[in-house]
Amino acid sequence: MLIPARMSEAEEQRWVTVMLDKLAAQESRRKLGDTELAERAERLSVQYFDGRARPESVRWVTNQNTRWGSCTPSEGSIRLSHRLQGMPEYVVDYVLLHELAHLLVPGHGPRFWRLLEAYPRTERARGYLEGVVAADRLPYLPAARGE
Ligand SMILES: [Zn+2]
């Protein structure tokens, strides 16, 4: 990676982080259109739920800012927030699996979470998403500067 000269180490570190985030976002957007998303959902269903979760449609939506994903079991439709685009694959997979699981079990009872236990990165993905939500809120917190 080409780094502009005369950056302090902290600046350089920040710059590298920003660039890596941008690259990851581009890569993820390139990889996952609606078609790929549906294929991915099918693979995940086969891998973790013996193919029992069979959505009619899986697509990205841009009008969903407070939830990462949603599911209408009666229609078999799953929608994922475009805000997930650019996040690590294991996070997108987790949200997909979560919504797929709702096709099998409504609500968030023990049976639901038992289904998701099969996915090894459930806890990590949930932690990641919690971190994103917390980071989103940071600019609106009272400034802690100098106190
Ligand atoms: Zn849910």
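**Note on the predicted model**

1. Aspartate 50 sits in the loop that joins H2 to strand E1 (57-61). The model is a predicted one, and this residue deserves a look in it. Phi of aspartate 50 is near 55°, a positive value in a residue that is not glycine. Aspartate 50 is also exposed, its relative accessible area being 66%.

2. Overall layout. The protein contains 5 helices and 3 strands. Read from the N terminus, the order of elements is α-α-β-β-β-α-α-α. Of the 147 residues in the protein, 35% are buried. Taking contacts between residues at least 6 apart in sequence, 48% join residues at least 24 apart.

3. Helix H3. This helix covers residues 89-104, which is 16 residues. From first C-alpha to last, H3 reaches 23 Å, close to the 22 Å expected at 1.5 Å a residue. H3 is mostly covered, with 13 of its 16 residues buried.

4. Zinc site. Which atoms coordinate the zinc ion? They are NE2 of His98, NE2 of His102 and NE2 of His108, at 2.0 Å. Along the chain these donors follow the spacing H-x3-H-x5-H. Histidine 98 belongs to helix H3, whereas histidine 108 belongs to the loop between H3 and helix H4 (110-116), so the pair ties together parts that are 10 residues apart in sequence. Histidine 98 counts as buried because its relative accessibility is 11%, under the 20% cut-off.

5. H2 against H3. The axes of helix H2 (residues 34-49) and H3 come within 10 Å and cross at roughly 70°. H2 is therefore roughly perpendicular to H3, as the range for that term is 65 to 115 degrees. The crossing of the two helices, H2 and H3, is right-handed. On the H2 side, the residues that meet H3 are Leu37, Arg40, Ala41, Leu44, Ser45, Tyr48 and Phe49. Their counterparts in H3 are Glu89, Val92, Asp93, Leu96, Leu97, Leu100, Ala101 and Leu104.

6. H3 against H5. Helix H5 (residues 122-137) packs with H3 at an angle of about 105°, and the two axes are 9 Å apart. This angle makes H3 roughly perpendicular to H5. H3 contributes Tyr90, Val91, Tyr94 and Val95 to the contact. H5 contributes Thr122, Arg124, Ala125, Arg126, Tyr128 and Leu129.

7. Serine 70. Leaving aside neighbours within four places in sequence, serine 70 is in contact with Gln64, Ser77, Ile78, Arg79 and Glu99. One of these, Glu99, falls within the residue range of H3, 89-104. Serine 70 can also be placed relative to valine 95: their C-alpha atoms are separated by 9.0 Å, while the two residues are 25 apart along the chain. Val95 is one of the H3 residues in contact with H5.

Notes. Residues numbered from 1 in each chain as written. Predicted model: local features only at pLDDT ≥ 70, side-chain atom pairs only at ≥ 80, totals over all residues. Heavy atoms only, no water. Helix = DSSP H or I, 4+ residues; strand = E, 2+ residues; numbered from the N terminus. Expected span 1.5 Å × (residues − 1). Buried < 20%, exposed > 50% of the residue type's maximum accessible area, 1.4 Å probe, protein only. Donors = N, O, S within 2.8 Å, 3.2 Å for Na, K, Ca; no water. Axes fitted to C-alpha atoms, helices over the stretch in contact; angles between N-to-C directions. Parallel < 35°, antiparallel > 145°, perpendicular 65-115°, else oblique. Left-handed = near helix turned anticlockwise from the far one by under 90°. Contact = heavy atoms within 4.5 Å.
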